[in-house]
Structure formats: C-alpha cells, structure tokens
Amino acid sequence: MVKLNEDLKIWNKNASLYDKYLKQDQDIYQKLINEPSIFKLLGNLKGKKVLDAGCGTGVFSHRLKLKRAKAMGVDGAPNLIKLAEKNYPEIKFEIADLTKKLPFENSSFDMVVCKMVLPHLPTVEKTFTEFYRILNRKGILLISLPHPVLTFYFYLKNKWQEKKEFSWTGMEGYFKKVKIKASMGKDETFFPLIGWYRPLKFYLNKITAAGFLLEKIDEPELTREFKKKFPDYYKRKKEIPLTLNLKFLKL
Ligand SMILES: C[S@@+](CC[C@H](N)C(=O)[O-])C[C@H]1O[C@@H](n2cnc3c(N)ncnc32)[C@H](O)[C@@H]1O
C-alpha cells in the first residue's frame with residue numbers, strides 16, 4: 001500500500017470530482033491544443049510501449065491507445081486508479097508514487113509521458129532518474145507542464161489587481177521555488193489543491209542531470225479554429241504560453 005503524501009491525499013479524496021470535470025469535457029485546452037502538440041512531438045506511436053506517468057483517470061492513456069500505442073498508466077492516488085480501470089478496462093493501470101522507485105524493470109518502455117504532474121511532486125530528482133532507468137536507450141521522455149511563465153503571469157496579476165482571479169497563490173517572484181495553493185475543476189467540480197512552483201531552469205537542469213538530452217520544445221498557441229469555437233477563452237489567453245512541452249531523449 002502506497003503511503004499518500006499531502007498532495008496525493010487531496011487527489012485521492014477528490015478523485016470523483018476530477019473524473020466528473022473531465023467527463024464534462026471542460027478541459028478544452030488540453031484536448032484541442034496541448035495534446036496535439038504532445039502527439040506531434042512524440043511522432044509515430046504504433047506499437048510503442050508508453051507509460052502515462054501520473055495518469056489520473058486514464059483519459060490520456062486512452063488517447064495514446066487510440067494512436068495504437070501499447071499504453072499503460074500509473075498514478076499515486078488509488079481512487080484515481082480505480083476510476084481509470086473502470087473507465088478503460090482494456091488498459092493496464094497501477095498505483096505508483098512518482099517520487100519513489102517505480103515498479104518496473106530497467107528499459108521497460110519506449111516512451112514516458114508525464115503530463116501536468118511535475119508541479120504536484122514535492123521532489124523530482126528520483127522521478128527523473130527513475131524515468132531514465134525504465135526507458136530504453138533512445139527512449140523518449142515527454143514532459144508537459146503548466147508554463148512557468150503562465151504561473152508567473154497570474155502571480156503578477158494577483159499582485160497588481162485587487163480582484164484575485166486565479167487560485168495559484170504563494171509565489172514569491174519568478175525565481176523562487178515555493179509551495180503554492182492551486183485549484184482544479186470548475187463550479188461544482190472545483191476543489192483546492194497544493195503544488196510546487198519552480199522556474200524553467202530548475203526543471204531543465206534536473207532532467208538533463210538525470211542523463212537526458214533536450215531534443216525539442218513546444219509552447220503551443222491557440223489556433224484560429226480554437227478562436228472560432230471559444231472566442232472568449234481565446235481573447236483572454238491568446239498572448240500567453242499556457243503549457244510547456246519538452247521532448248527529451250535517453251542517450
Ligand atoms: C493535473 S493531474 C494530471 C492528470 C493527467 N496526467 C492529465 O494530464 O490529465 C495530476 C496527477 O498527478 C498525480 N500525482 C500527484 N502526485 C503524484 C505522485 N507523487 N505520484 C504519482 N502521481 C501523482 C495526481 O494523482 C493526478 O492524477
């Protein structure tokens with residue numbers, strides 16, 4: 001039985017709210033903008049063994065499978081894994097804490113995708129050395145995370161405006177690594193979260209120190225099609241990078 005840290009306890013407790021949020025299709029940015037960017041970076045997935053690290057309720061593991069990858073998912077919150085197994089019984093899911101040793105042999109995967117997870121991990125050193133260990137040589141590590149510039153943008157807004165419009169609070173400027181308060185969901189699916197803010201150089205230096213080589217980077221932009229479907233969203237967010245997608249290779 002995995003001992004849940006403070007962050008995982010929150011995810012575990014709110015698993016069904018998160019499931020509901022995703023099923024209401026509220027995560028439009030992920031589906032229409034971020035995931036196409038990730039798939040482009042990953043390239044051909046057919047037959048590739050892919051680990052969805054921090055898979056939540058399994059939505060992205062399923063999308064990997066639809067692209068014909070041999071995908072499986074791990075997450076540290078047992079209630080999320082139960083929901084993932086219920087949602088996608090054809091996919092294998094396991095409970096695993098990404099800050100600890102992972103339950104896989106050396107060189108078990110062609111790709112590891114870790115999407116929107118890193119700011120939820122209190123420490124990341126073991127995470128990256130474990131990703132390196134379980135990947136094949138020339139394997140791909142795809143990291144997708146809320147862009148540190150986006151987090152900083154909300155920090156500045158909250159600093160300068162009276163009306164606080166985003167719940168990521170606790171930052172002390174761009175450079176300082178700090179524990180922050182965040183949130184997930186919307187209206188009846190809303191729940192408060194915690195996270196750890198770190199600047200870009202922190203992540204790049206830790207991942208390359210684990211042995212990875214940075215191959216490509218994307219900062220996906222909202223498209224014209226997106227603008228047509230969601231004009232308000234487009235207007236509010238067109239000028240800022242929302243996510244940062246990094247493709248690394250195991251040498
Ligand atoms: C924002 S969700 C992202 C879920 C999914 N990757 C996606 O993009 O839809 C963050 C996920 O990280 C998981 N997580 C947080 N801390 C973790 C840890 N220490 N080990 C494994 N998973 C963790 C949470 O349980 C949650 O499912």
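Predicted model: local features only at pLDDT ≥ 70, side-chain atom pairs only at ≥ 80, totals over all residues.
**View 1. What the buried side of helix H4 packs against.** The buried residues of H4 (59–66) pack against H2, strand E1 (49–53), strand E2 (70–75) and strand E4 (109–115). Helices here are DSSP runs of H or I with at least four residues, strands are runs of E with at least two, and both are numbered from the N terminus. The buried ones in H4 are Val59, Phe60, Ser61, Leu64 and Lys65. "Buried" means that 20 or more other C-beta atoms lie within 10 Å of a residue's own, with C-beta atoms placed from the backbone. Residues are numbered from 1 along each chain as its sequence is written.

View 2. An α-helix has 3.6 residues a turn, so residues three or four places apart point the same way.

**View 3. Around the ligand.** Which residues come closest to the ligand? Of the 20 residues that surround the ligand, the closest are Trp11, Gly54, Gly56, Gly76 and Leu98. (A residue is near a molecule if its C-beta atom, placed from the backbone, lies within 6 Å of it.) Helices H1 (6–13) and H4 (59–66) are the elements that give two or more residues to this shell, and H1 has the largest share, with 3 residues.

View 4. Strand E6 (residues 178–184) and E7 run antiparallel, joined by 7 bridges; strands pair if DSSP finds at least two bridges between them. Look for Lys179, which stands opposite Trp196 in E7. The hairpin has 6 residues between the strands, and Gly185 takes a positive phi near 75°.

**View 5. Leu141 in the largest nonpolar core.** Of the 52 residues in this core, Val112 and Leu141 touch the most other members. (A nonpolar core is a set of buried Ala, Val, Leu, Ile, Met, Phe, Trp, Tyr and Cys residues joined through C-beta atoms within 7 Å.) Strand E5 (residues 135–146) gives the most to this core, with 6 residues.

Key
Buried ≥ 20, exposed ≤ 12 C-beta atoms within 10 Å, placed from the backbone. Contact = placed C-beta atoms within 7 Å.
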